[in-house]
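Please keep the sequence and the 3D view side by side as you read.

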Amino acid sequence: MNLFVGNLNYRVKEGDLQQVMEDYGAVSSVKVVMDRETGKSKGFAFIEMEDDAAAAKAIAELNGAEYMGRTMVVKEARPRA
């Protein structure tokens, strides 16, 4: 399952998120979205998890949780319309 993680602290790195998500299950990939011009984080990321049940548990437990001073938004990523 592909997850969207938003409202992240701009200092959060891909390795930080991978550690948090691996508490719930195997992580295939983590991509913090960066601004092309400044090279700084845009404050959101996409995470791919192998097990849908583990991803659903991560959504249930992490959506609304505080991480590095910000309240995270964690939900299933949807394709662009």
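Setting aside neighbours within four places in sequence, Ser41 is in contact with Tyr10, Val32, Val33 and Met34. Keep in mind as you look at these contacts that the model is predicted. You will find Ser41 in strand β3, which covers residues 41-49. Its relative accessible area is 12%, and because buried means under 20%, Ser41 counts as buried. The side chain of Ser41 also reaches the backbone nitrogen of Gly43, at 2.9 Å.

Now follow β3 along to Ile47, which is found in that strand too. How much relative accessible area does Ile47 have? The value is 0%, so this residue is buried. Not counting residues up to four places away in sequence, Ile47 touches Met1, Asn2, Leu3, Val5, Leu17, Met21, Val27, Ser29 and Val30.

Next, please turn to the loop between β1 (2-6) and α1 (14-22), where Asn9 lies. Is Asn9 buried or exposed? Its relative accessibility is 10%, so Asn9 counts as buried despite its place in a loop.

Most residues other than glycine have a negative phi. Asn7, however, has a positive phi, near 60°. Like Asn9, Asn7 lies in the loop between β1 and α1, but with a relative accessibility of 31% Asn7 counts as partly exposed. Met68 sits in the loop between β4 (66-67) and β5 (70-71). At 34% relative accessibility, Met68 counts as partly exposed.

With these places in mind, step back to the chain as a whole. It has two helices and six strands, and from the N terminus on, the elements run β-α-β-β-α-β-β-β. Among contacts between residues at least 6 apart in sequence, 59% join residues at least 24 apart. Buried residues, Ser41, Ile47 and Asn9 among them, make up 33% of the 81 residues.

What about the overall dimensions? Along its principal axes, the C-alpha trace spans about 35 × 30 × 20 Å. For 81 residues, a compact globule would have a radius of gyration near 12 Å, and the chain agrees with this because its own value is 12 Å.

Finally, consider the surface and the charges. The accessible surface comes to about 5,200 Å², and 46% of it belongs to carbon and sulfur atoms. The chain carries 11 positive and 13 negative side chains. If you mark the centres of these two sets, they lie 10 Å apart.

Technical notes: Residues are numbered from 1 along each chain as its sequence is written. This is a predicted model: local features need pLDDT of at least 70, side-chain atom pairs count only at pLDDT 80 or more; totals for chains, interfaces and linings use all residues. Side-chain values use heavy atoms; hydrogens and water are left out. Helices (H or I, at least four residues) and strands (E, at least two) are DSSP runs, numbered from the N terminus. Buried means under 20% relative accessible area, exposed over 50%, partly exposed in between (1.4 Å probe, protein chains only). The radius of gyration is taken over C-alpha atoms; the globule rule is 2.2 Å times the number of residues to the power 0.38. Contact means heavy atoms within 4.5 Å. Accessible areas come from the Shrake-Rupley method with a 1.4 Å probe; for residues, only the protein chains shown count as cover. Lys and Arg count as positive and Asp and Glu as negative; His and the chain ends are not counted. The place of a charge is taken as NZ of Lys, CZ of Arg, CG of Asp or CD of Glu. A polar contact is a pair of N or O atoms within 3.5 Å; within protein, one must be able to donate a hydrogen and the other to accept it, and residues adjacent in sequence count only if both atoms are side-chain atoms.
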